[in-house]
Amino acid sequence: MPVSLLWAVDVYGRVYSLSTAGQYWELCKDAHLEFKRVTAVEQCCWGIACDHQIYLYVHSSDVPIRYQEETYENQRWNPVDGFCERLLPSDRWQWSDVTGLKHQPLDGFELSSEHWEWEADWYVDENFGGEPTEKGGWRYAIDFPATYTKDKKWNSCVRRRRWIRYRRYKSRDSWAKIPSGETGPLPDPFNDISCGGWEISEDPRSRLSLWAVSLQGKVWFRDGICHHNPEGTSWEEVMTPGEVVQISCGPGDLVWAVLWEGQLLVREGIGRDNPKGSSWVVVDAPSPEVGAIHVAVGVNVVWAVSKDRKVWFRRGVNSHNPCGSGWIGMVGEMVMVNVGLNDQVWAVSCEDRAVCFRQGVTASELSGKAWKPVSVPRDGDRSHSGSASSLASAGCFFGGEVRVQSQGSVMSDTESSSDTERSAQAVQPAAQPPPSEQGETPHAHIPKVTSDSFISELVSDKDSPLGPGGAGPTIVEERPGAGGSPPDKEGQLQTLVLSPSKEGSRDPQWSNVDLEEAQTHLAVASATDPAETSSLSSIATYNFGLEGPYGADEHPLWAWVSGGGCAVDSHSQLNWFNSTTGLTSSVQCMSLSITPAQTAAWRKQIFEQLSERSKREMENFGHYEQAIEQSVWVKKGNMQWWRDWKPHKWIDVRFALEQFSGTEGNKDGILFIYYTFNDEKKYLHAFINEVTILVPVLNDSKHTFAVYTPERTKQRWPIRLAAPTEQEMHDWLALLSVSCCDSRRIQGPPSKQAIWSTTCMGDVFVSEPLPSLEASPYPMPCDQMFWRQIGGHLRLVECNSLGVVWGIGFDHTAWVYTGGYGGGFFQGLASSTDNIHTQTDVKSVYIYENQRWNPVTGYSNRGLPTDRYMWSDASGLQECTKTNTKPPSPQWTWVSEWTVDYSVSGGTDREGWQYAADFPATYHGYKTMKDFVRRRRWARKCKITTTGPWKEVMPITLLDVTILPCSAHSSLDQVSLWAISSKGDVLCRLGVTPQSPAGTSWLHVGTDQPFKSISIGGGYQVWAIARDGSAFYRGSVSAQNPAGDCWYHIPSPPRQKLKQVSVGRTSVYTVDENGNLWYRHGLTPSYPQGSSWEHISNNVRKVSVGPLDQVWVIADKVQGSHSLSCGTVCHRVGVQPMEPKGQSWDYGIGGGWDYISIRANSQEAPRIVIPSAGENSAGRPSAPPPPVSSRSPLLLRDQEEMNGNAVSC
Amino acid sequence: MGSQGLCRSAQNCGNGATITRPASERITTQGLLTAPPCASFPAPLYSNNNHIFEKPEEVKHIHSLGRRMADDKDVLRDVWFGRIPTCFTLNQDEVTEREAEPYYLLLPRVSYLTLVTDKVKKHFQKVMKQEDMEEMWLEYEGTALKWHYPIGLLFDLHASNTSLPWSITVHFKNFPEKDILHCPCNSVIEAHFMSSIKEADALKHKGQVINEMQKKDHKQLWMGLQNDKFDQFWAMNRKLMEYPTEEGGFRYIPFRLYQTMSDRPFIQKLFRPVTTDGQPNTLGDLLKEVFPAAVTPDGILDLVFVNMT
């Protein structure tokens, strides 16, 4: 579970956050201001401060928020001056935007607010569609506007070049004021705010909707908020039928508001193209006599609070019916409710102002079960004995404020205990304002919270014994400070002093504190007080201990809570509830109190003691007879088998595994499949020590798995079996896997040299390389490699020979390997006990809606009789409707509804349609006269929860990752690791070592465009592929300079867009979008960028180049003797130092493989190889040298047979 | 088969932990069937004076080894393949036709005497008349050995201080009806074994796991033990040893604490793997609660050695 935050505001306006991993409310780091309300989402939090201004708190991240500004410089040729800035009168501006219509001089760009800064100066972009231009970056054309080329031709009359400059958002981890002085009507002071809408579109820009309500009851929508513009651009008023008091916006398209009169408004027409929606619908209040005062919405839920503080749940709300059907009264009286992520509900209770969590809210029971108060202390409530002294020194600097603050605290605490009195006396000698003034001082902070009506009620209740006398004047004194006009010195001091966050107010921007003044103040005080040091420290201690207006024992009083950024669900384990001290917290404690090192030490001790005992008791008695004779053990079961001969079909078989001890004491076994053929009993068998891999092929109809041997791999025709239940399949797989590993004497975690691969189903496999694997001239055939499965679900795995292994999930989450093994269905013996964690992954299932045009009704779902299904898969061959489409396997569950997918290659129209002349054809995203059919893609997300030796690397999601390949013996202070974030940022990981493979933080490396693939070579050569398909080389990367200094642009092979790169010791290989494999020629130490691309092969999907420059690929369309397989592991043979391109391919495991990383295998092969049994793995019959030379390059064949891909892609 | 030990710490303890008190009175804890009740967290065994953790650099070294070296499977294997070399001698009083040679066997610690002594019986049959042979029973230094205790437990309880091989006397007469149960056939052992498994699972999972198993699964457990098939046994037993990760451990730890010098043959109480405030319980905690006499103020100093079932 990722760590996320719950935000809340207490009645004094202080903002706290509570981490899902934490047990304390932490005061917001940058808390100079008091807030009325906050609304949080994952990446940021918005708030209305007591000055009625809106502030934005963006969480810091290793990746900067940066925006690329661009402008074009245009020139025209004339015979006298050549190309010059003198243009024709009809021409565009000399400086313009890309269209030429807008005048955009370089100095016309200004930072949009004070929260931005320029990253560097303007520079010319010398990359033109993936091709580097001449120096100067000019692109030429006949005239404006026309097609530009990078080369100057005889008829080039005009030219232009692109200038770019980056600005960077700098106000992160702090409250940044949203500038209000904009064009158009200035919104009056804001009263409510709600942020959401991130699920409206599957948009990588992370668009957000921000709705606000002004004091006059108007509704405003903040336009243009997205990842690179966190502040948004402008406020737009949204007309309402009445005065609105409060509004709530869900993650999706649900927006509800409360009217002053107590009815509710529902926004309709919100969609991808119209996040503001189009109209309001009025919904009656839960009860006619008492109207609603508060509403909160989620994805599919609406909760409301009526004026009598009762809580209501709206029945029947979904995206088709945003209004729902009726109200249900709920137990509990609340001040407000908030719906957070996963439709979880948070509330502030009426009675004791506690933050409550609604327990038991699940997708099937959205109203939950009961309210449970969150009872954790605030950060400041902890004992500060340790930090008090350190604070005393800080207190010295801010001496003046600390002192007066403590007085204020003393006085505002009406039931001042004897302790506080004593402290107050201690304060008195140093007190700057004379005791007579003390009566006024505490009141100064009361008006500051009057901005919110109920807060002031609460506070004035509390402070009423002080008498109303002093309150009046201080309001006057206070207001100017809040309003921003310079107050007099005394007022200034008090403003500062009475802010609850005294120690955080160092930033002059907010507090307007003249520190010099404060120091003078202190100097005066010290002059008058001889015992200054001691009193000061005691004051400081006392002050900190008291911390707030209420004592430590009192629980905090909350005014507002926002769970929009808090990723919990009903299964989450939170240690926020004191009542659950049972197992939940025990796990926490156990993991805290026993470290992995201790566990390992323990295990070692136990193991040693056991070995010692065995030695003592058995060493001298080995000649004794065993009490129990060893025998053969057979496990049997019923299965179905995909018959080897035509017609292929599933037939019932008896299945048996016979296990026995081999000749050298190792375990071995034989698999039997008993079937009947023409009434004759027959069987098929396979030796366990010949099985190379067991591949689970869970699909929705059968629990199948495939068994491969080298022979079966050559045939591309595995033994396919189906178990009656998923459980039985897992039992068999676990047993067979243990049996295979035993027979090959493989146990424990994979070695550091291991070869990792993944299938398109997300299964992770690992193989132990033998030195003979890269032997020359007769390497071990790679169809003999033994693969075993490791738990987890990943799209790719990258590794190096120091044991640093990272993986990326289908949802782009980054995972680091923990050193364990097993997980998933490997339990008990086949799995390590620690280092196994829960892992989740999310992917989308796609179906297509197809329509044909007819002259009567236009496009409709009435197709021709010959047409494909109107709801189908991508090929159109399978019918896939919204209702009959199931998640990929029982392990997956749906986590969203069907939505139109707009991110289809080729583009779509506004409704997601793609048009074509006929099925099947190439589709385009706009309609032409010739288009008679159209289709659109629907996506639905599903989620898998499994276990494996992986730990999440937070919080940035990744597209690609690469780890420095090196020799297994190299000792590096830091292992270079580069990655591409899911937004295309290039990142360099710091602090990665074999001991802490997860590293510590990301270093952002700037690029001019998003990147998609990256690879680092053994000599710190970093190559990357940009989104435009061209390659980049990063200069000057070294162990000392891990991020390098600049990018060198390298054009792609002609007319090809590259998509992936892999760099070995010296070799650089790339794969383009058409499946071609390219080798980079002419790389020399002095010219590491090389000179040209050489075509090596086609039908390649992925390439991995290892630390010995060995080349492995995932190839499509590999022909076996029985069938053809896509996604096959292939090994380039004949790769030599003088012949880095190799000679031919050797084919390994295949059918559904998607990724391989060879980058950990740095085992040099013995120079001369005489194939013998000794080189093969234990118990394996020796194989004749493979007929390498006869192997053809990757073959093409069009037809595909069903069995070829065990795991179908 | 009893007891893979008490906690994983007490995987140290085979048939349980044998504690030798100064008075040479012995106590043995027996985990009821199967391994680590404390789940994946080994509980500190020597809670107070564990010097291992005081040397961080050493720990680091161990950690890096830990990944390489082994995991639980090694421990479980060592437990399973624990053998006690035993010398069987025929009781002097038995009537024989010629002198009976002693018989030597390696007995599996996790098994039961009557399950593995067919060979012994056959050996002595050769020198005895059929009519002189009643039900065979075994004795060590005057104590009739209870067949329904696992062999390792019997050894640790009665004979751990003797030199090896363990010398057991074989009787065919005067069956000590008061001390031990009859064992007419293997199905009696099986019934006893299965009932121990069920009892342990009742403590661990309210019996849910064992009840969900099929008859053939039960049979597989038994056959695994009977034929000394580690994989066969553990393929099934692993299900009994699992618990949901979020629960952090079994409901209760199945264990028995055996004593020689007591009226009660063993102590058995409900004991959770973690305390109410979430701390993991250790074997030391268990002993403190269940048998405080075994614990001295300095920790469990009397714990002389711990071995395995």
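Me: Why does A:Asp173 count as partly exposed?

Reply: This is a predicted model, and in it A:Asp173 has a relative accessibility of 21%. Buried would need under 20% and exposed over 50%, so at 21% A:Asp173 counts as partly exposed.

Me: What makes the phi of A:Asp173 worth a look, and where is the residue found?

Reply: Its phi is positive, about 60°, although A:Asp173 is not a glycine. As for the place, A:Asp173 is found in the loop between β15 (158–169) and β16 (175–177) of chain A.

Me: Which class does A:Arg745 fall into, and why?

Reply: A:Arg745 has a relative accessible area of 49%. Exposed begins over 50%, so A:Arg745 is partly exposed. A:Arg745 also has a positive phi, near 55°, and is a residue other than glycine. You'll find A:Arg745 in the loop between α13 and β41 (755–759) of chain A.

Me: How do you know whether A:Thr709 is buried or exposed?

Reply: Go by the relative accessible area, which is 9% for A:Thr709. The cut-off for buried is under 20%, so A:Thr709 is buried. A:Thr709 is found in the loop between β39 (703–708) and α12 (710–715) of chain A.

Me: And what is A:Thr709 in contact with, leaving aside its neighbours within four places in sequence?

Reply: With those set aside, A:Thr709 is in contact with A:Ala686, A:Glu690, A:Val691 and A:Thr692.

Me: What makes up the contact of α13(A) with α9(B)?

Reply: From α13(A) come A:Asp731, A:Ala734, A:Leu735, A:Val738 and A:Asp742, and they meet B:Asp231, B:Ala235, B:Arg238 and B:Lys239 of α9(B). Sorted by class, that gives four nonpolar, no polar and five charged residues.

Me: How do α6(B) and α8(B) cross?

Reply: Helix α6 (residues 186–205) and helix α8 (residues 215–226), both of chain B, cross at roughly 115°, and their axes come within 11 Å. α6(B) passes α8(B) in a right-handed crossing. On the α6(B) side, the contact is made by B:Asn186, B:Ile189, B:Glu190, B:Phe193, B:Met194, B:Ile197 and B:Lys198. The α8(B) side supplies B:His218, B:Lys219, B:Leu221, B:Trp222, B:Leu225 and B:Gln226. By class, the contact of α6(B) with α8(B) has seven nonpolar, three polar and three charged residues.

Me: Why is helix α5 of chain B described as largely enclosed by the rest of the structure?

Reply: Count the buried residues: seven of the eight in α5 (residues 151–158) of chain B qualify, so the helix is largely enclosed. The buried residues of α5(B) are B:Ile151, B:Gly152, B:Leu153, B:Leu154, B:Phe155, B:Asp156 and B:Leu157.

Me: How many of the residues in chain B are buried?

Reply: Buried residues come to 61% of the 309 in chain B. Chain B has ten helices and ten strands.

Definitions and conventions
Residues numbered from 1 in each chain as written. Chains lettered and ligands numbered in written order. Predicted model: local features only at pLDDT ≥ 70, side-chain atom pairs only at ≥ 80, totals over all residues. Heavy atoms only, no water. Helix = DSSP H or I, 4+ residues; strand = E, 2+ residues; numbered from the N terminus. Buried < 20%, exposed > 50% of the residue type's maximum accessible area, 1.4 Å probe, protein only. Contact = heavy atoms within 4.5 Å. Nonpolar A, V, L, I, M, F, W, Y, C, P; charged D, E, K, R; others polar. Axes fitted to C-alpha atoms, helices over the stretch in contact; angles between N-to-C directions. Left-handed = near helix turned anticlockwise from the far one by under 90°.
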